[in-house]
Amino acid sequence: MGSAAAYYYTGCEHDYQPHFLDSCSLCGRSLSQNSDIFMYRGNTPFCSQECRQEQIEMDEAMEKKWRMSSSSKRSSAARQSSDESDMNKTVRTGSVAVA
């Protein structure tokens, strides 16, 4: 094919698709066939340990934000459910005489 990048044939001469290992998933830098490729989560390629680490940190921050959001929604729903059940309780006031 003449190019250093790996391509695969999809059946049409004008329809060549780049291979997923052609470029870094974070910075887009071209990945050389003679250099190390740093993988993350199975099939996500990176040009360096730094790019991979940056992606890992972004994913962890996003997951932490999601967990916090999810837990605050659950505690809010639990509070609302508790408030509703408190409203349905009968409260009797008055004095009690014991003999």
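Me: What share of the contacts with a separation of 6 or more in the protein chain comes from residues 24 or more positions apart?

Reply: In this predicted model, such residues account for 15% of those contacts.

Me: Why is Cys-51 called buried?

Reply: Let's set the value against the cut-off. Buried means under 20% relative accessible area, and Cys-51 has 11% relative accessibility. Therefore Cys-51 counts as buried. Across the protein chain, buried residues make up 14% of the 99 residues.

Me: What makes Cys-24 a contact of Cys-51?

Reply: A contact needs heavy atoms within 4.5 Å, so Cys-24 and Cys-51 have heavy atoms within that limit. Leaving aside neighbours within four places in sequence, Cys-51 also touches Leu-26, Cys-27 and Phe-46.

Me: Where in the secondary structure is Cys-51 found?

Reply: Cys-51 belongs to helix H1, which covers residues 49-87.

Me: How do you know how confident the predictor is in the protein chain?

Reply: Look at pLDDT, which runs from 0 to 100. The mean for the protein chain is 77, and 58% of its residues reach 70 or more. Over residues 1-6, however, the pLDDT is below 50, and this stretch has nine contacts in the model beyond near neighbours in sequence.

Me: Why should low pLDDT make a reader careful?

Reply: Where pLDDT is low, the predicted coordinates should not be read in detail.

Key. Residues are numbered from 1 along each chain as its sequence is written. This is a predicted model: local features need pLDDT of at least 70, side-chain atom pairs count only at pLDDT 80 or more; totals for chains, interfaces and linings use all residues. Side-chain values use heavy atoms; hydrogens and water are left out. Helices (H or I, at least four residues) and strands (E, at least two) are DSSP runs, numbered from the N terminus. Buried means under 20% relative accessible area, exposed over 50%, partly exposed in between (1.4 Å probe, protein chains only).
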